[in-house]
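Me: I would like to learn how to read aromatic pairs in a protein model. Please take me through one case.

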Amino acid sequence: MEPGLISKKELLELTGISYGQLYRWKRKQLIPEEWFIRKSTFTGQETFFPKDKILIRIDKILNMKEDLSLDELADMFSPNAAELSLTKEDLIKRNIVTEVSLNFYLEQTGDSSPFPFERILQLFVLDKMLKTGEMSLDEGKMLLQIFQDHSASLERKKFDLMFVRKLGISTFLLIESDSRVYLERNTKIVQRLNLNSCIEELKLQIG
């Protein structure tokens, strides 16, 4: 078995869920089709999953299914942005972002109108990365620029955001999720964020 994968049998044993639950969640699109990976083994064809992702997803489903219907969970896990917008006052009142990050974002974009989900996500990621203390405000400008330059692509595919630094020089990369990345020696990966996970987290916070 490849590193990073878990078999269906191991998954069911480890999580305590049934075969029926797993495939019901698949039909409801709580678990993406592409996570079901068919591979040949000495016993025939078997199904495997990306281990870390499937375990995190099942843990979330089990923890939230008492409070949310499967359809509500499917909407939360969907990469499609929710049809909503919030004012800057809403963003602060609901503790979605800090006032410092919001003011910085407005300085860069000059946009104080109600925020559609796409912009809320940009602001949410900016705030998350500034809070770590590892990203400066100048680097924050670079982050917003890459979002602006590739906004159309972000709507169609699943991406990870990678923040790297070498010899004091920083850059941001947008990488299709699950892609391997090979960097120059002595390049430090400061942070790698899965944007789909950020969407899920943001939807939970917005409620």
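**Reading the aromatic pairs**

Reply: Tyr-23 has 17% relative accessibility, so Tyr-23 counts as buried (under 20% relative accessible area is buried, over 50% exposed, in between partly exposed; 1.4 Å probe, protein chains only). This is a predicted model, in which local features need pLDDT of at least 70 and side-chain atom pairs count only at pLDDT 80 or more, while totals for chains, interfaces and linings use all residues. Residues are numbered from 1 along each chain as its sequence is written, and side-chain values use heavy atoms, with hydrogens and water left out.

Me: Is Tyr-19 buried, exposed or partly exposed?

Reply: Tyr-19 counts as partly exposed, because its relative accessibility is 48%.

Me: How is a ring pair described?

Reply: By the distance of the centres and the angle of the planes. Rings of Phe, Tyr and Trp (its six-membered ring) pair if their centres lie within 6.5 Å; planes under 30 degrees apart are stacked, over 60 edge-to-face, and the rest tilted. Tyr-23 and Phe-36 form a tilted pair, with 5.4 Å centre to centre and 55° between the planes.

Me: Which parts does this pair tie together?

Reply: Tyr-23 lies in helix α2 and Phe-36 in the loop between α2 and β2 (37–41), so the pair joins parts 13 residues apart in sequence. Helices (H or I, at least four residues) and strands (E, at least two) are DSSP runs, numbered from the N terminus.

Me: What lies over the face of Phe-36?

Reply: Lys-26, at 4.5 Å from the ring centre. The criterion is NZ of Lys or CZ of Arg within 6 Å of the ring centre and within 35 degrees of the ring normal.
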